[in-house]
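Hello,

Here is the structure I promised to pass on. Please open it alongside this note; what I found follows below.

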Amino acid sequence: MYIKRYLFKALVSHLDSSEISIIIGPRQVGKTTLLLKLKEYLEKRGEKTLFLNYDLDSDRPFFASQTELVNKIKLFFGNQKGFVFLDEIQRKENAGLFLKGLYDMRLPYKFIVTGSGSLELKEKIHESLPGRKRLFYLWPVSFWEFLNFKTNYQFEGKETEFLKVEKTFAKEILNEYLMFGGYPKVILASNIFEKKIAISDIFQSFLEKDISLLLQVEKTESLSKLVRLVAHQQGQLINYSELSSNAGISQPTVKKFLWYLEKTFILARVYPFSRKRKEIVKSPVVYFKDLGMVNFLRGQFGLLPAEINTSELLFQNFVYQLLTEKIENTLWALNYWRSKDKAEVDFVIDKGISFFPVEVKYSDLSQLKIPRGFISFIRKYQPKKSFVINLTLKDQLTKNDTRINFIPYYQINEIFEN
């Protein structure tokens with residue numbers, strides 16, 4: 001069973017570029033599977049391919065130097081065009097310089113490379129490969145990819161219409177995604193027991209491989225405890241002092257670990273929006289890149305949203321994911337807003353010359369009820385438009401010359417129109 005990934009088309013369109021295509025993202029989100037699909041696609045087109053994985057003992061000697069690798073490639077391709085796939089490159093020391101040397105040889109080969117969410121890989125690639133590479137980020141399976149997989153791709157291009165018409169099935173699919181998230185191994189597991197084993201293995205692999213590799217430590221108990229504590233503050237202001245006390249580590253270490261968790265794509269910090277005084281300007285809010293992971297860390301993996309007392313925050317994290325998918329390749333910023341008198345708005349999308357608030361409500365709204373914090377923001381900033389994302393209600397009204405759009409989560413594209 002294969003879950004189609006939207007990134008595939010973008011990678012195909014980059015195959016004719018001489019730049020190195022580099023796919024990075026969290027561990028176990030399907031990077032190797034995507035490489036194999038690209039390999040299969042190219043071979044059907046009659047192209048020559050070679051696949052090498054740094055994790056395989058039989059392949060590793062060819063990563064020892066550029067000469068060793070080029071000799072291997074020439075054995076297969078000669079001096080003719082070919083496509084070379086290098087998997088798990090983050091384990092190679094000085095990976096960026098290694099790839100730079102290959103690119104600068106001006107060989108007739110196209111390199112497509114993957115690496116997990118390794119800080120070492122990211123930073124060295126940025127330093128070593130300016131103008132020589134394009135980064136492609138592969139995240140856990142998105143809600144839209146999940147929806148199409150669950151409906152056997154019958155409604156591709158008509159996802160919004162499907163969710164609007166098939167309300168009962170739509171709710172089931174949303175609940176399943178809110179419970180289990182988007183790691184392919186979890187999605188493809190046949191029952192809850194197997195899904196729990198899968199998510200536990202993914203987290204353990206992250207600790208043992210990514211974090212141990214980056215921090216050069218064998219014992220990761222402190223970080224494991226910290227990330228579980230952070231999961232309980234998901235969607236809320238991060239309290240560094242409280243985390244430090246409960247985890248038994250210093251505040252500088254807390255901030256250092258959070259930085260590593262962000263660079264390895266486990267979580268992301270969202271910072272406050274501020275243009276006026278008497279507003280929160282420092283404390284971030286944390287969201288997780290995968291809903292199944294945050295549920296696992298909170299000890300609620302496999303529970304229905306209705307059984308979770310933080311379902312509102314879980315849905316908020318879900319909307320965060322939908323929003324970041326849309327602004328990922330833009331210069332827009334995603335913030336939250338909170339005043340010192342505790343008025344708040346879940347998200348503010350800042351386009352630079354303009355901005356607008358987005359509030360999230362995990363409910364089937366039946367009336368146009370405007371949250372107090374939302375009204376406070378509108379009075380202060382008078383944006384031209386604003387949005388309240390909910391489960392089903394589609395309507396609008398105007399308040400203080402601001403158009404307030406109530407939209408279901410599956411029509412979130414409307415936020416980015418006009």
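Helix 3 covers residues 66-77, and its 12 residues should span 16 Å at 1.5 Å a residue; the end C-alpha atoms are 16 Å apart, so expectation and model agree. Bear in mind throughout that this is a predicted model.

Which residues of helix 3 are buried? They are Leu69, Val70, Lys72, Ile73 and Phe77. Seen down the helix axis, these buried residues fall within an arc of 160 degrees, so they line one face of helix 3. Thr67 and Leu75 are on the other side of helix 3 and are exposed. The cover over the buried residues includes strand 2 (49-53), strand 3 (82-87), helix 4 (95-104) and strand 4 (109-116). Just after helix 3 comes Gly78, with a positive phi of about 65 degrees.

Two residues to check here. Gln28 is not a glycine, yet its phi is positive, about 60 degrees. Gln28 sits in the loop between strand 1 (20-25) and helix 2. Its relative accessibility is 30%, so Gln28 counts as partly exposed, the class between under 20% and over 50%.

Tyr153 is another residue other than glycine with a positive phi, in this case near 60 degrees. Look for Tyr153 in the loop between helix 6 and helix 7.

**The largest pocket**

The volume of the largest pocket is about 1,500 Å³. Its lining has 44 residues, and those nearest the centre are Trp139, Thr324, Glu325, Lys326 and Glu328. By type, the lining divides into 23 nonpolar, eight polar and 13 charged residues.

Which elements each supply at least two residues of this lining? The helices are helix 1 (7-13), helix 6 (143-150), helix 7 (159-165), helix 13 (251-263) and helix 15 (311-327). The strands are strand 5 (133-137), strand 6 (267-270) and strand 8 (333-338). Helix 15 gives the largest share, six residues.

**The second largest pocket**

The second largest pocket has a volume of about 380 Å³. It is lined by 18 residues, and Gln28, Val29, Gly30, Lys31 and Thr33 are the closest to its centre.

Helix 2 (31-44), helix 9 (184-188) and helix 10 (192-215) each supply at least two lining residues. The largest share, four residues, comes from helix 2. The lining divides into seven nonpolar, six polar and five charged residues.

**Ser224**

Is Ser224 buried or exposed? Ser224 is buried, because its relative accessible area is 13% and the limit is under 20%. Ser224 belongs to helix 11, residues 221-231. Leaving aside residues up to four places away in sequence, Ser224 touches Phe203 and Leu207. Gln204 is 20 residues from Ser224 in sequence, and their C-alpha atoms are 9.3 Å apart in space.

**Where to look**

Take helix 3 and its buried face, then the loop that holds Gln28. After that, view the lining of the largest pocket from helix 15, the source of its largest share. Finish at Ser224 in helix 11.

Best wishes

Terms used: Residues are numbered from 1 along each chain as its sequence is written. This is a predicted model: local features need pLDDT of at least 70, side-chain atom pairs count only at pLDDT 80 or more; totals for chains, interfaces and linings use all residues. Side-chain values use heavy atoms; hydrogens and water are left out. On a 1 Å grid over the protein atoms alone, a cavity is a set of points where a 1.4 Å probe fits but cannot get out, and a pocket is an open set with protein on both sides within 12 Å along at least five of seven lines; lining residues have an atom within 4 Å of a point. Grid points are joined across faces, edges and corners, and a volume is the space filled by probe spheres set on the points. Ala, Val, Leu, Ile, Met, Phe, Trp, Tyr, Cys and Pro count as nonpolar, Asp, Glu, Lys and Arg as charged, and the others, Gly among them, as polar. The expected span of a helix is 1.5 Å times one less than its number of residues. Buried means under 20% relative accessible area, exposed over 50%, partly exposed in between (1.4 Å probe, protein chains only). The arc is that of the directions from the helix axis to the C-beta atoms. Contact means heavy atoms within 4.5 Å.
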